[in-house]
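Subject: A structure for you to look at

Hi there,

Here is the structure I promised to pass on. Please open it next to this email and follow along.

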Amino acid sequence: MTHRLLSVAIATAFLSLAPVSGFATASPAPAVDVRGVDHVGINVPDVEAASRFFADTFGFVPVTEMRDIPVDAGFRRTFHMHDDAKVKSIRMLRAGDGANIELFQYDSPHASREQPFYDDIGASHIALYTDDIDKAVASLRAKGIKVLTDPIRMTQGPAAGNTWVYFLTPWGSKMELVSYPQGQAGEATAGVQLWRAPVKAGPVSLDRTVVDEVVTHYVAMLNDTNADSRAKTIDRYYADDTVFNDPEGLIEGKRGLNDLVGKLQAANRGFRFRVVGPATIQNGSVRVKWTFGPAAQPAKISGEDILTLVDGKIASTIVFLGPGPQGKARSTP
């Protein structure tokens, strides 16, 4: 076995045998409320060349740039820079649907031009997600980019389902391609989803039969007074990470939706939702007009919902209330 293949085998073995559990649970009240990773910053020898590489290879788009930024001795000490360092350029790239990439170019005669060893403290890498890693690797190799190994497919342990491979940028930095379209085994154990590529926007054709079925069960769920029965309908016709955008608040997930409908019914006993006319289909969205009220006043409240369907399930719902009896928009009592 060659040295390279032995290294790959050892790395794969360690990842396969990594413990599935034992991670500390996240604090319910973090010190800082972080929404996600906005960007990662990397130093490059030439911002123009690096930008061309990211644009030509991955389609990344330059957005902002600052050039020849003046920095004094105090700034250099604070940010641990060499005494003679100058900041030539800082350029931000939009990187697909993930975090942005910020490129830094310095003019610093005493800065090291050697790539850090993989095991050096502070050494880091960027992993780019792709849906088809085999196609991506073939494209890299066709462009003359050095790929360190063939894609490594994890079949055991918490990383099972993940496929990854490293390649070198033209300036010698290691970067990674990763793909796990069906998820990784450890996600279910941890109860946390690592990341999924957002659904690409574009024209989506929805079948009228599917739409009518979804709308029928959607309204039936809203009128169902039994929480267990509602849960079954929600589980069948809603995506796991569904979002319900109501004037009273933003609800995420199936359980939150079920609770919201229960509260709505408790506050409006005897009221029912009634669909007004056929649902309107536009690309991946469905418009449903409705009234809500008791038998004696069935149209006491009116409105319309915009449902976004993905793979036949409701991924999001936006509720718009119509005018009430006095001609003003009114929220649910």
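Below are some notes on its charged side chains.

First, some ground rules. This is a predicted model, in which local features need pLDDT of at least 70, side-chain atom pairs count only at pLDDT 80 or more, and totals for chains, interfaces and linings use all residues. Residues are numbered from 1 along each chain as its sequence is written, and side-chain values use heavy atoms, with hydrogens and water left out.

Let's start with the pairs. Side chains of opposite charge can pair when their charged atoms come close. The structure holds 12 salt bridges (a side-chain nitrogen of Lys or Arg within 4 Å of a carboxyl oxygen of Asp or Glu).

One of them joins Asp212 and Arg208, at 3.2 Å from N to O. Both residues sit in helix H6 (residues 208–223), four residues apart, or about one turn of the helix. Helices (H or I, at least four residues) and strands (E, at least two) are DSSP runs, numbered from the N terminus. Asp212 is partly exposed at 35% relative accessibility, and Arg208 is partly exposed at 36%. For these words, buried means under 20% relative accessible area, exposed over 50%, and partly exposed in between (1.4 Å probe, protein chains only).

Another salt bridge pairs Lys254 with Asp240, with the closest N and O atoms 2.9 Å apart. Lys254 belongs to helix H8 (residues 254–267) and Asp240 to strand S9 (residues 238–246), so this pair ties together parts that are 14 residues apart in sequence.

Now for Arg230, which is found in helix H7 (residues 227–237). Arg230 is buried yet has no salt bridge, and the nearest side chain of opposite charge, Asp224, is 5.4 Å away (Lys and Arg count as positive, Asp and Glu as negative; His and the chain ends are not counted). What does the side chain of Arg230 make a polar contact with? Its partners include the side chains of Asn258, at 2.7 Å, and Gln265, at 3.1 Å. A polar contact is a pair of N or O atoms within 3.5 Å; within protein, one must be able to donate a hydrogen and the other to accept it, and residues adjacent in sequence count only if both atoms are side-chain atoms.

Happy exploring!
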